[in-house]
There are 2 protein chains.
Amino acid sequence: MTGTRDGDVDGVLVALADPTRRAVLDALAVSGPASATVLAAGLPVSRQAVVKHLVVLEAAGLVSGSRLGREVRYQVRPARLTATARWMDSLARDWDERLVAVKRLAEGG
Amino acid sequence: MTGTRDGDVDGVLVALADPTRRAVLDALAVSGPASATVLAAGLPVSRQAVVKHLVVLEAAGLVSGSRLGREVRYQVRPARLTATARWMDSLARDWDERLVAVKRLAEGG
DNA sequence: GCGAGGCGCAACCCTGTGGTTGCACTACGG
DNA sequence: CCGTAGTGCAACCACAGGGTTGCGCCTCGC
């Protein structure tokens, strides 16, 4: 399992690194599917800014948009987020192991 | 628990968003504690660049440096990483719950 | 058909920041 | 004591990217 390739992780991390983007995600999660215009109404930035963020988020796989008539409704997608959380956790475990190993060596085990 | 405040998460995410920074972390994890100069030798950037990255990483709590004579040895710190992984995972669960709720409403439950 | 609401595209500004180089300072080793 | 390895600081460059505005195009409603 975990087809979590480095590119995927990079996209998610870059996407999450921006506070406005996190705000967009938060708004989306709370309000349910919504359009860029609606989202922008509840955020301190313009619609175009929101659109750009949505593009990044969609590229990262954190969000998916589908057209309904003249609107585009965006929806949150938990999968990549979960995958990245896993990646980080296993990375942390890896560090821990190595630290223990180094410590053991240092203590002359 | 979860004393995971938003500021902490932000720092970690910003730190991890840069590929060079991830490379530095990786090198540190693999080689064990090392100085900026040593790290720079194994990376495609200058020592100063590595130093800057280490400053960011240390501010994020992903790394800690301690002075030994004229060297400064940096070490990986898994704690914040684990915490952030947790944060992301619980966020993903939250999204999932909300999606299920929305779906239920849509189906007229 | 026509106005209005919503999107998409493009140009543009400006700050943040990853990167470099150069130099001064400190600590080890002979 | 003096050379050298290692750090720290500062100036500087260049580009990415977050933000804005303006405009043209489609789609819905009357």
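Me: What makes Arg98(A), Leu99(A), Val102(A), Leu28(B), Ala29(B), Gly32(B), Pro33(B), Gln75(B) and Val76(B) the lining of the largest cavity?
Reply: A cavity is a set of points on a 1 Å grid over the protein atoms alone where a 1.4 Å probe fits but cannot get out, and lining residues have an atom within 4 Å of a point. These residues, Arg98(A) and Gln75(B) among them, line the largest cavity. The elements giving two or more residues to this lining are α5 (78-106) of chain A with α2 (19-31) and β2 (71-76) of chain B; helices (H or I, at least four residues) and strands (E, at least two) are DSSP runs, numbered from the N terminus. This is a predicted model, in which local features need pLDDT of at least 70 and side-chain atom pairs count only at pLDDT 80 or more, while totals for chains, interfaces and linings use all residues. Residues are numbered from 1 along each chain as its sequence is written, chains are lettered from A and ligands numbered from 1 in the order in which they are written, and side-chain values use heavy atoms, without hydrogens and water.

Me: Why is the link between Arg22(A) and Asp10(B) called a salt bridge?
Reply: The term requires a side-chain nitrogen of Lys or Arg within 4 Å of a carboxyl oxygen of Asp or Glu. The closest N and O atoms of Arg22(A) and Asp10(B) are 2.7 Å apart, so the pair qualifies. The rule finds two salt bridges across the interface of chain A and chain B.

Me: Which element supplies the largest share of the side of chain A that touches chain B?
Reply: That share, 15 residues, comes from α5(A).

Conventions:
1 Å grid on protein atoms, 1.4 Å probe; cavity = no way out; pocket = protein on both sides within 12 Å on 5 of 7 lines; lining within 4 Å.
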